[in-house]
Amino acid sequence: MQKQFILIFGPQGSGKSTQAKLLAHKLGYKHVSTGELLRSLRDKKDPNGLELSKYWTKGDLVPDQLIEDILFKVFEKDTSQGIILDGYPRNINQLNSFLSKAEIHNWYIDKAFYLIVGEKECVKRISKRVGIENRVDENEEAIKRRLNIYYKSTEPLIAEFEKMGVLERIDGEQTVEEVHRDLYNHFPNDSS
Ligand code: AMP
């Protein structure tokens with residue numbers, strides 16, 4: 001069976017996790033957030049998860065191969081029709097590994113939603129959630145690193161998704177409800 005992947009990406013603070021959850025719920029798809037996966041492995045004191053937390057707590061990306069070892073197992077085990085993926089791929093290397101795996105497993109990227117939010121707004125939103133979510137990677141230094149990595153490594157994916165014909169640009173500075181509506185409008189035939 002073909003498995004559909006819907007990617008949601010955008011800078012830190014663009015609301016990708018919130019939107020991925022809402023969309024997954026609406027479509028009845030599985031939501032996979034790589035950030036949440038890494039945080040839960042650390043919280044469970046999984047030895048691998050503790051090792052990986054050395055990278056992400058500083059705001060650095062976890063090495064591609066290590067995140068993919070975990071992630072591909074999750075995808076292969078999953079039996080749902082589709083996955084809403086938030087936080088992966090994060091660079092060209094990861095996109096290429098995903099595409100190679102996809103060919104073997106009959107997975108395909110249906111859409112890649114790019115949530116457009118300006119840097120100033122992102123910083124404002126992250127500052128607001130500091131103290132609410134208490135993420136160790138949300139101190140000033142780690143946030144700067146994460147945003148820099150996003151602009152340098154993740155934004156080039158926009159051109160790749162465009163070439164693949166799956167890119168959908170969404171104005172992420174609207175309210176949560178408006179962004180969700182714009183995302184969901186791309187699924188006119190959904191009957192849920
Ligand atoms: P997020 O919650 O998506 O911002 O992810 C939190 C952190 O987890 C990131 O800053 C990275 O350190 C790590 N991470 C999440 N996804 C990936 C990925 N695809 N590749 C490497 N590291 C990742």
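Helices here are DSSP runs of H or I with at least four residues, numbered from the N terminus. With that in hand, let's work through some exercises on this predicted model.

**Exercise 1.** Find where lysine 45 is located, and decide whether lysine 45 is buried or exposed.

*Solution.* Start with the helices: lysine 45 sits in the loop between α2 (34-43) and α3 (47-56). Next, look at the backbone, where lysine 45 shows a positive phi of about 60° although it is not a glycine. Finally, take the accessibility: exposed means over 50% relative accessible area, and lysine 45 has 61%, so it counts as exposed.

**Exercise 2.** Work out the strand order of the open sheet and identify its edge strands.

*Solution.* The order of the 5 strands is β2-β3-β1-β4-β5, with parallel pairing. The edge strands, each pairing on one side only, are β2 (30-33) and β5 (167-171). On average, neighbouring strands are turned by 25° against each other, direction ignored. Now zoom in on one pair: β1 and β3 are joined in the parallel sense over 5 bridges, and leucine 7 stands opposite leucine 85 in β3.

**Exercise 3.** Describe the largest nonpolar core, then list the contacts of phenylalanine 75.

*Solution.* This core has 23 residues, and Phe5, Phe9, Phe75, Leu85, Phe98 and Phe161 touch the most other members. Elements supplying at least two residues each include β1 (3-9), α4 (64-77) and α8 (157-164); β4 gives the most, with 4 residues. For phenylalanine 75, set aside neighbours within four places in sequence; the contacts are then Lys3, Phe5, Val32, Ile83, Leu85, Phe98 and Trp107. Another core, of 15 residues, lies apart from it, with Leu27 and Phe187 among them.

**Exercise 4.** Which residues come nearest to the ligand?

*Solution.* There are 17 residues around the ligand, and Lys16, Thr34, Asp60, Gly87 and Gln94 come nearest. Then go to atom pairs. A polar side-chain atom of glutamine 94 is 2.9 Å from a ligand nitrogen atom. For arginine 39, a side-chain N or O atom lies 3.2 Å from an oxygen atom of the ligand; for arginine 90, the corresponding distance to a ligand oxygen atom is 3.1 Å.

Definitions and conventions:
Residues numbered from 1 in each chain as written. Predicted model: local features only at pLDDT ≥ 70, side-chain atom pairs only at ≥ 80, totals over all residues. Heavy atoms only, no water. Core = buried A, V, L, I, M, F, W, Y, C linked by side-chain atoms within 4.5 Å. Buried < 20%, exposed > 50% of the residue type's maximum accessible area, 1.4 Å probe, protein only. Contact = heavy atoms within 4.5 Å. Pairing = 2+ DSSP bridges. Axes fitted to C-alpha atoms, helices over the stretch in contact; angles between N-to-C directions. Near = heavy atom within 4 Å. Polar contact = N/O pair within 3.5 Å; in protein donor to acceptor, adjacent residues only side chain to side chain.
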